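Here is a short report for a reader meeting this structure for the first time. Please look over the chain, then read on.

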Amino acid sequence: MTTISNQKIVILITIDCLRTDHLKSYGYSRNIAPNQESFVKKGVTFLNAIANGPETASSFSSIFSSVLPYLNGGFSPLPNQKLTFPQILNENNVYCYGIHSNPNLGKFFNYHRGFNDFIEGINFNVQLGLEKNKHHLRNFRSRIFNEILSKLFNLKFFDKISNKLMNLDFLRNKIIQINRMGFTASFVVKKVINFLKNYNLSRPLFIWAHFMDVHWPYKPPSKNLFKFTNKYFSSQEKEFLLNKVFWNPKDYINTERLIDLIDLYDGEMNYTDDNLVKLFKFLEKRFKKNCFVIITSDHGEGFYEHQFLNHGGYVYDELLKVPLFIVEIGRNYAPKKVKELVQLIDIGPTILDYFNIDIPDFFQGKSLFPLMEDKSLIRKKYVISESYRKNGRFIREIEKGFKIFSIRKQNWKYIFNEEEKKEYLFDLTEDPDEKVNLIEKNPGIFKEFREIKNKHFQEITKSDEMSKITHAIKGIDYKTFKI
Ligand SMILES: [Zn+2]
């Protein structure tokens with residue numbers, strides 16, 4: 001009989017849109033996530049963790065596949081030939097449980113592969129259908145009913161009731177059609193705790209819990225907001241900020257409105273933190289060892305540092321720098337801050353390594369264990385982040401989009417913006433805000449980055465072919481591969 005302590009558990013907590021510099025661990029003046037801050041002090045903080053894409057689709061494709069977004073067939077949907085680390089875990093007898101409510105991360109986009117349980121809060125199919133058929137609610141009464149429910153679900157005090165309703169599968173599918181954000185932090189935490197209470201731990205376990213509260217629309221409960229501001233926001237003011245200002249910043253933004261948006265955003269992280277503490281407490285009580293917790297974000301959020309709000313379409317550091325913490329319950333690494341450059345493609349290899357599973361050669365990331373154990377990593381010393389854009393916004397259809405791409409190496413960062421036909425070179429030590437383009441002053445460094453870029457772009461087609469060959473050799477048909 002297997003005992004609890006013999007089975008390893010990994011919990012990957014991803015908080016959508018969480019900016020590094022809004023956390024005290026990274027120097028923020030406010031402590032918006034006090035519970036998370038005290039939990040992560042028991043482990044390792046990675047001070048320079050970089051997302052490989054500036055929005056959910058590109059970033060998560062690299063987290064799950066440990067391959068850069070442009071390579072091996074692109075990233076949205078995640079192509080079949082991009083093997084994900086949950087698939088590998090599953091093949092190695094690790095039970096995989098996932099819960100999320102981001103429309104970019106569903107079964108529709110191939111993220112369910114490898115999961116034994118995959119709980120989706122929002123379904124892209126449904127959302128697409130709704131967008132296409134805006135007239136589907138012809139019946140006036142049902143339109144009003146949906147409108148009222150939609151408003152109620154956007155209020156956090158409605159949480160308890162919505163959580164109860166969401167637990168009923170047949171109702172959940174109805175509810176997610178009108179509740180844009182799907183699951184709240186409270187719902188996700190409760191689901192994970194309930195799952196863990198009922199799991200018999202006869203197999204090692206991987207849990208992925210994704211939180212959407214910090215993502216637009218920021219509507220924190222007042223009690224979380226009032227920790228940072230005395231200002232009361234009427235529902236009209238919130239509507240104005242979140243719909244008019246947020247989506248048309250060039251027309252509406254000013255200092256006061258920007259501060260309001262940041263207060264609302266911070267309030268959402270505080271609300272998330274209020275719920276995460278329940279999970280942290282549960283884990284520490286239930287597991288005395290072998291429980292490995294990773295906390296990160298897929299990307300940050302722009303607050304008009306470069307004349308945009310939101311995320312996607314740009315590769316500045318307000319989007320690419322992400323928090324990354326690793327805590328192993330029962331194992332005391334001396335609390336540590338790692339300065340070395342790491343990237344989100346490293347998460348999959350680290351998790352495989354923890355379970356003593358071989359890391360495939362085609363994974364581009366590296367296990368972070370050597371860094372946690374004061375050794376160094378042998379790897380290329382630069383990080384690539386990439387996606388597609390059109391009119392300054394993320395675009396899913398590659399053939400209609402333009403490349404937006406960056407390379408970071410030591411104190412230098414290079415950006416290639418295909419749509420604007422512009423390139424940039426920044427010295428991040430002297431100019432962390434990425435304002436002064438140094439291309440003309442540093443032709444040698446610029447040339448070096450261009451060569452890395454050109455080589456990488458040439459690899460796109462080649463890597464697609466290579467991945468097919470590798471998989472064919474291994475005898476696995478990834479077109480039909482299912483768990
Ligand atoms: Zn995201």
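Both D298 and H299 are buried, meaning under 20% relative accessible area, where over 50% is exposed and in between is partly exposed (1.4 Å probe, protein chains only). The model is a predicted one: local features need pLDDT of at least 70, side-chain atom pairs count only at pLDDT 80 or more, and totals for chains, interfaces and linings use all residues. Residues are numbered from 1 along each chain as its sequence is written, and side-chain values use heavy atoms, with hydrogens and water left out.

**Overall make-up**

The protein has 16 helices and 18 strands. These are DSSP runs numbered from the N terminus: helices are H or I with at least four residues, strands are E with at least two. Of its 483 residues, 60% count as buried. Take contacts between residues at least 6 apart in sequence: 70% of them join residues at least 24 apart. Contact means heavy atoms within 4.5 Å.

**Cores**

The largest nonpolar core has 64 residues, and I13 and L283 touch the most other members. Helix 12 (residues 255-286) gives this core its largest share, 12 residues. A nonpolar core is a set of buried Ala, Val, Leu, Ile, Met, Phe, Trp, Tyr and Cys residues joined through side-chain atoms within 4.5 Å. Leaving aside neighbours within four places in sequence, L283 contacts I11, L196, C291, V293 and I329. Another core lies apart from that one; its 44 residues include F64, L344, I351 and L377.

L196 belongs to helix 8 and is one of the buried residues there. Helix 8 (residues 185-198) is mostly covered, with 10 of its 14 residues buried.

**Salt bridges**

The structure holds 23 salt bridges. Each is a side-chain nitrogen of Lys or Arg within 4 Å of a carboxyl oxygen of Asp or Glu. Three of them are set out here.

| Pair | Closest N and O atoms |
|---|---|
| K409 and E448 | 2.5 Å |
| E451 and K447 | 3.7 Å |

K409 sits in strand 16 (residues 402-409) and E448 in helix 16 (residues 443-473), so the pair links distant parts of the chain, 39 residues apart. E448 is partly exposed at 37% relative accessible area.

What does the pair of E423 and R450 tie together? E423 lies in strand 18 (residues 422-427) and R450 in helix 16, so the bridge joins parts 27 residues apart in sequence. E423 counts as buried at 18% relative accessibility, while R450 is partly exposed at 35%.

E451 and K447 both lie in helix 16, four residues apart, so about one helical turn separates them. An α-helix has 3.6 residues a turn, so residues three or four places apart point the same way. E451 is partly exposed, with a relative accessible area of 47%; K447 is exposed, at 53%. Elsewhere, salt bridges that share partners join D317, R408, K413 and E434 into one network.
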